[in-house]
Amino acid sequence: MPIPLSRPPVDDEIKKAVIAAVESGQYILGPQCKEFEKEFAAYNGAKHAVLTTSATAALWMLIKAFNAKAGDEILVPAHTAFPTIEAICFAGVTPVFVDVDDTYTVDVKDAAAKVTPRTVGFVPVHLYGHPANLPEIQELCAKHTLWLLEDCAQAHGAAWQGKKVGSFGRAGAFSFYPSKNLTVMGDGGLLVTEDDEVAARCRRLRDHGRQNKDIHAEIGFNLRFNDIQAAVGRVLLRRLDAMNDHRRTLAARYNAALTGLPLVLPTETPGARHVYHLYVVRARERDQLAAYLKDKGIATGIHYPVPCHRQPAVEYLDPGPLEHTERLVKEILTLPISAGHTESEIDEVAAAVRAFFTK
Ligand SMILES: Cc1ncc(COP(=O)(O)O)c(C=O)c1O
């Protein structure tokens with residue numbers, strides 16, 4: 001049987017929740033959405049949770065709600081999914097690309113070197129499910145009075161010293177895309193914040209800038225969420241910790257099976273709870289290894305082959321080179337992992353990787 005990169009969970013409990021939501025007759029920002037927001041806020045230790053259509057939308061609304069304006073600069077790692085950058089650009093501000101370190105998350109020393117009088121904020125990304133270096137990021141933000149917005153799209157349930165990501169700065173943004181640690185079986189996103197005004201502004205922005213039914217206080221957009229998908233999210237939120245534990249078990253299994261091969265395996269900074277959204281290794285013979293695994297019916301991925309600062313869409317910013325990012329994108333390879341994978345599938349992938357190196 002082919003082994004996919006990720007396998008979202010589908011079962012009777014989810015199907016029943018979907019049918020109940022369909023039969024409820026309430027579809028947009030209704031009771032399922034309200035309960036999901038309350039439950040996610042409680043899970044993450046946040047005062048407010050605001051559902052929206054995607055993490056991209058959540059990031060965009062937050063940057064607008066922080067009143068960032070043209071000419072403002074925001075520090076952001078270049079090694080991330082392009083939507084992190086897109087949301088910044090769409091809000092009319094300038095991303096300043098920062099290198100990453102061996103955890104694949106932002107290199108805070110490089111970020112510090114890139115602060116200018118125009119810098120207003122920092123958007124670290126908890127890439128692959130590993131928390132970025134939050135204590136140093138908080139210190140840098142405090143020193144230069146920058147707001148901190150965590151991109152948690154890949155890191156639901158990840159934590160630093162027991163505190164959940166998304167709760168370290170002014171806000172956090174999550175994605176519910178099907179491969180994510182928590183999904184709604186489609187696109188979806190959510191933001192968390194302690195700030196009453198930011199939450200209220202985002203609720204307004206997601207609903208055409210509406211202040212009440214008939215009055216539009218500003219130009220927003222239609223970024224509302226729906227009850228059918230919220231019903232799915234509620235079922236899976238109850239399983240999130242168990243699903244993350246399973247991902248961690250699978251990652252440990254990979255680590256044990258792949259040790260000693262000419263690969264760089266993922267690391268965990270002490271104090272960080274990594275939730276292995278992706279299991280990423282580095283190999284000099286990356287492309288040959290990927291082709292070999294494909295031949296055996298094993299899917300792999302590259303997250304991401306073209307770093308954000310090298311994307312044609314941001315060429316106009318004329319970003320300089322970033323040594324570490326540019327080197328690692330040539331070597332990274334994502335192996336299958338998700339809450340839906342079994343231990344025997346991981347053993348099969350690991351055996352195939354070992355066979356590649358010993359053939
Ligand atoms: C790190 C990161 N940020 C932002 C996003 C955007 O999320 P969405 O697809 O929900 O807009 C993604 C999605 O892949 C992501 O991985």
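Helix 3 (residues 55-65) packs against helix 7 (residues 196-205) at an angle of about 125°, and their axes are 9 Å apart. Helices here are DSSP runs of H or I with at least four residues, numbered from the N terminus. Axes are lines fitted to C-alpha atoms over the stretch in contact, with angles from 0 to 180 degrees between N-to-C directions. Helix 3 and helix 7 are therefore oblique to each other, oblique being what is left once under 35 degrees (roughly parallel), over 145 (roughly antiparallel) and 65 to 115 (roughly perpendicular) are taken out.

This is a predicted model, where local features need pLDDT of at least 70, side-chain atom pairs count only at pLDDT 80 or more, and totals for chains, interfaces and linings use all residues. Residues are numbered from 1 along each chain as its sequence is written.

Who touches whom? On the helix 3 side, look for Met 61, Leu 62, Lys 64 and Ala 65, which meet Val 198, Arg 201, Cys 202 and Leu 205 in helix 7; contact means C-beta atoms, placed from the backbone, within 7 Å.

Now turn to helix 4. Helix 3 packs with helix 4 at about 35°, their axes 8 Å apart.

Methods:
Helices (H or I, at least four residues) and strands (E, at least two) are DSSP runs, numbered from the N terminus. Two residues are in contact if their C-beta atoms, placed from the backbone, lie within 7 Å.
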